[in-house]
Structure formats: C-alpha cells, structure tokens
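Subject: Structure for your review

Dear colleague,

Please find below the structure that I am handing over to you. My findings follow it.

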Amino acid sequence: MTTRVFVLGLDGMSPALWQRLSGLDALPYLGRLFRHTTTLRSTVPAHTAPAWTSIATGLDPGAHGVLGFWHRPTGLPWPFSKRPLVTRARAPFLWEVASQHGIGVGVFNYPLSYPPTPVKGYWVCGLNAPQRARDAIYPASAALLLDDFKTDADEVGINLFGSRPLTNRQRQRALRALTELLQNHLTCGRRLIAQGVAEGVHLFVHVLTVTDRFLHLFWDVLHAPNHPLFEPAMAFWQALDAGVSAWLEAAQPDVVFLVSDHGFADSPRFALNLDLWLTQAGLLPRAARLSLPVALKVALKSLLPECVQRVWRHRASSVLRHSTAAHAMFSIEVLYGPWVGVTFSPGLGARERTRLSERLSQAAEALLTEQGTRVFRAVQPAAEVWQGSRLPHLPDWVLTLSEGFGGAVGSLDPRLFIPVRSVRTGDHHPDGVLAAAQPLPERTCWHVRDVAELVCNTLGLPRIESSEPDGPALLAEHDAQALTQRLRRLGYLE
Ligand SMILES: [Zn+2]
C-alpha cells in the first residue's frame with residue numbers, strides 16, 4: 001500500500017505567524033495538527049514564482065531559471081520593452097515523477113505550473129496560467145467541476161500594489177472579497193478531492209495563494225487586536241481552518257505536510273533609491289530623469305491620481321520598483337525580500353566587469369547609517385547566491401539590505417531613502433514554514449529545495465533525477481496579452 005500524502009501549501013505563511021494565529025485561536029484544527037513548525041528558507045528572491053518552482057522541482061533558481069513572472073533574456077538590460085512571461089520550469093515536477101511511478105496525483109492551484117502534462121489524476125494550474133485557458137486544468141473532467149473557479153484577487157477587484165493606502169471602507173470590502181475568494185478555493189478544492197479519492201489519488205498538493213493576498217493587505221490588522229477589521233480578519237483564518245479540515249477529512253491522508261514559499265513581515269517604510277546611490281558612487285552614468293526635492297515628491301504623491309503615480313514611480317527608482325534607463329551601465333532588479341540585484345550592461349569586457357565589481361562592493365560596504373551600521377548586510381556575486389547553469393540569466397550581483405535599514409538613515413542623503421506609501425502593510429520575508437503532522441527527519445535547516453525530496457521519500461520514490469533544464473517555459477505570444485493584462489490588474493505591472 002502506498003502512503004497517502006497531503007501537501008498543504010499556504011502562500012506566505014511563517015512559523016511566527018502560525019504561532020500567532022494559533023495563539024489567537026484562529027486555527028483551532030490546523031494549530032493542533034501542526035503543533036511544531038520549523039523555518040523553511042525561501043529562495044533568493046523570496047518570491048512566489050521561484051520558491052514554488054523550487055518546492056516542486058527540488059532545484060535552485062540558478063538551475064530552474066525562474067526568478068519571477070517574467071524572463072530576462074541574456075544580455076538584455078532591465079527593464080526591457082518585451083518581457084516574455086514564464087509559465088513553468090522545464091524540469092520534472094514532483095507529482096509528474098510520482099505519476100510516472102504509477103501514483104495517482106491531485107494538484108490544485110499550483111503557481112507557475114502551466115501547461116500541465118497528462119498525469120494520473122488532476123492538475124489545476126495557478127498563477128501565470130492564462131486565465132480561462134482550457135488546458136490550464138487537466139483533465140477536462142476536472143474542468144467540469146470548476147466552472148465557478150475564480151483564480152485570483154483581480155477577479156474580485158483587488159490590486160495589491162497601489163500606492164494609495166486604502167480607506168477603511170475599501171479595506172472592509174477587500175477583506176470580504178478575499179474571504180469569498182478563499183471560500184471559492186476551498187469549495188473547488190473539496191470537489192476535486194472527492195473525485196481524487198474515488199480515483200485513488202495518493203499525492204495531493206493543494207495550494208492556497210489567497211493567503212499571500214491577505215497578508216499583503218491585512219498584515220497590520222493581525223497585529224492590532226483593537227482594529228475594527230480584526231474580527232473579520234480572524235474569521236478569514238477560521239474559515240481557512242474549517243475548509244482545510246474538510247479537505248483532510250475527505251482525503252484521509254496518512255501523512256500531511258504544511259509548506260510555504262516564503263514568510264511575511266512588516267512592509268518597508270523606506271525604499272532605497274538605487275539609481276541615485278549608484279550614480280553618487282560613480283557607477284551609473286547619469287540618466288535623464290526628473291529630479292525634485294523629497295518634500296515636493298511626497299506632496300505630489302498624495303495629490304496625483306494613480307495612473308500618473310505609476311509613471312512617477314517608474315522614474316523615482318527605488319528598490320521596490322524595477323527601474324533605471326535602458327542605456328545605463330547597470331540595470332537593477334528588485335528582488336523580493338531584502339535583496340536587490342544589479343546586472344551589468346551587456347557588452348562590457350571582462351576587465352571592465354572586474355573593475356566595476358570591485359567598485360560596487362567597496363561602495364556597498366561603505367554605505368553606512370548614522371549609527372555606523374551597514375545599509376547592505378551582504379554584497380555577493382551571483383555564484384555565491386545561486387547554483388546552476390542559469391547564472392547568465394540572473395543578476396550579476398546581489399546586495400542584501402540590513403534589517404530595518406530605513407529607520408536609521410538619519411544623516412545620510414535623504415534623497416537616498418524614499419518613504420513608501422502603499423496599500424500593502426505586509427511584505428515577503430525569506431522565512432517560510434514547514435510542518436508535518438508526524439515527526440520530521442532531524443535537520444538543522446530546511447530549504448524550499450528540500451521539499452520535493454522529503455515528499456518523494458515519504459512516497460517511497462527515488463530522488464527526482466533532473467538534468468539542468470533548458471530555461472523556463474515561456475508563454476506563447478498570442479496568450480501573452482491576456483495574462484499581461486491580468487498581472488497589470490493585480491498590480492504586478494506598471
Ligand atoms: Zn508567495
């Protein structure tokens with residue numbers, strides 16, 4: 001008899017948050033099931049796309065090549081006008097391997113997993129699948145069960161990255177909409193499990209990404225018991241708890257894992273204006289850009305409509321935004337979590353790259369707060385951060401911001417730090433969660449790359465044998481427009 005395994009994915013969950021929610025009695029069932037949680041270290045960057053891809057494939061972003069929703073062709077600076085959309089890694093996913101070994105699998109709402117391949121069971125793709133694509137749900141009989149499936153927050157009218165904080169009324173509406181979206185996913189997942197059990201599925205992988213949307217928008221509420229939205233926010237988690245307990249009751253697994261792609265923490269209050277810093281350090285040729293005093297910028301920000309602000313944000317480059325002129329010597333990539341990636345312009349010779357690398361690391365180490373602590377905790381070349389053959393597609397350098405750098409910038413040039421105004425109160429943190437309803441193997445530290453092997457071991461499967469994949473799979477041109485619009489509605493695109 002094969003062990004029946006259930007992998008529950010909660011996007012954005014962390015051990016600290018789990019403890020907090022359990023303590024508030026918001027997870028009466030799951031809190032008891034997963035009493036002991038451990039840290040599951042996310043990828044660099046701590047972003048949904050690379051981290052879920054690493055969980056499914058057991059590979060590092062340096063090997064699977066998925067760093068975000070978009071792919072950066074080698075040699076093109078960021079931002080480039082044409083950004084192909086990544087739909088999945090071209091590497092075997094753990095449930096494809098399980099299915100090849102004759103194990104029935106049931107996958108629900110898995111990000112960056114489109115297109116699905118035929119498996120023994122069902123496979124419902126999540127984020128970055130073209131909306132309403134017939135082939136985003138395998139097989140057709142599963143699609144019939146999901147005619148009311150709403151895939152993400154844009155379908156309930158929520159933009160996650162607006163720069164104008166929401167009014168209480170708007171937040172109330174957003175919370176109601178997210179709770180409905182959660183209910184929709186719980187109901188759709190429940191139907192699939194019933195069918196899966198009847199068809200002998202032994203590996204369930206069900207992911208809820210609505211939690212990430214909740215945590216971006218309502219992180220502050222979870223930490224303020226007197227907040228008017230505290231009760232409905234708790235009700236969201238209680239609904240999740242009840243819905244997942246119904247999933248598990250229906251699936252009757254022998255083994256249950258809880259995993260997340262990354263954790264959450266307070267949103268940064270300041271963004272570092274990297275273009276300006278690189279320019280001051282003599283590393284970025286001055287590009288034509290608007291230059292206004294900070295006070296005026298802040299005043300303008302509160303007055304200008306959102307559409308104008310988008311253009312504005314693009315100009316006022318910061319670590320929170322993709323930025324810099326295409327002709328600049330560097331291009332800078334914003335990596336989720338505390339990281340910033342710096343990419344040299346294509347066409348620089350090896351000598352020039354070495355010279356610039358030295359200057360970059362010296363300048364980064366020299367940037368201090370008024371307390372004399374470093375703004376960048378670490379300055380590393382790509383090869384120290386990632387492993388694999390996709391390095392040429394990734395940024396050349398990764399700078400890691402010290403925790404809470406924004407609060408202690410006092411005497412530094414105030415233009416370097418831009419106050420952040422955002423609808424988001426929570427943002428990605430590198431520490432996700434791993435828990436099991438049974439003892440986990442002893443290990444000092446878990447990484448998202450380890451999950452695939454852990455699950456394969458539990459199922460009695462061999463390790464996934466994966467040769468270096470040939471880059472991620474990209475979305476066909478004719479499907480790209482609709483998906484681009486959707487990512488724009490969600491706020492991922494300016
Ligand atoms: Zn995520």
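Which residues are buried in helix 15? In this predicted model, the buried residues of helix 15 are Val-451, Ala-452, Leu-454, Val-455, Cys-456, Thr-458 and Leu-459. Helix 15 spans residues 451-459, and because 7 of its 9 residues are buried, it is largely enclosed by the rest of the structure. The elements that cover these buried residues include strand 1 (5-10), helix 3 (48-57), helix 5 (94-100), strand 7 (201-208) and strand 8 (255-259). After helix 15 comes Gly-460, which has a positive phi near 75°.

For the protein overall, the secondary structure consists of 16 helices and 19 strands. Of its 494 residues, 49% are buried. Among contacts with a separation of 6 or more, 75% are between residues 24 or more positions apart.

I then turned to helix 7 and its two packing partners described here. Two packed helices are described by the angle between their axes and the distance between the axes.

Helix 7 (residues 168-198) and helix 8 (residues 210-222) have axes that come within 10 Å and cross at roughly 165°. An angle over 145 degrees counts as roughly antiparallel, and helix 7 and helix 8 are therefore roughly antiparallel to each other. Their crossing is left-handed. On the side of helix 7, the contact is made by Ala-174, Leu-175, Leu-178, Leu-181, Leu-182 and His-185, and on the side of helix 8 by Val-210, Arg-213, Phe-214, Leu-217 and Phe-218. By type, the residues of this contact are 9 nonpolar, 1 polar and 1 charged.

With helix 9 (residues 230-251), the axis of helix 7 comes within 9 Å, at a crossing angle of roughly 5°. Helix 7 is therefore roughly parallel to helix 9. Residues of helix 7 in this contact include Leu-175, Leu-178, Leu-182, Gln-183 and Arg-190, while those of helix 9 include Phe-236, Leu-240, Gly-243 and Trp-247. The contact of helix 7 with helix 9 comprises 17 nonpolar, 4 polar and 1 charged residues.

The C-alpha atoms of Gln-183 and Gly-243 are 7.7 Å apart in space, with the two residues 60 apart in sequence. Is Gln-183 buried or partly exposed? Gln-183 counts as partly exposed because it has 16 C-beta neighbours inside 10 Å, whereas a buried residue has 20 or more.

Yours sincerely

Conventions:
Residues numbered from 1 in each chain as written. Predicted model: local features only at pLDDT ≥ 70, side-chain atom pairs only at ≥ 80, totals over all residues. Buried ≥ 20, exposed ≤ 12 C-beta atoms within 10 Å, placed from the backbone. Helix = DSSP H or I, 4+ residues; strand = E, 2+ residues; numbered from the N terminus. Contact = placed C-beta atoms within 7 Å. Axes fitted to C-alpha atoms, helices over the stretch in contact; angles between N-to-C directions. Parallel < 35°, antiparallel > 145°, perpendicular 65-115°, else oblique. Left-handed = near helix turned anticlockwise from the far one by under 90°. Nonpolar A, V, L, I, M, F, W, Y, C, P; charged D, E, K, R; others polar.
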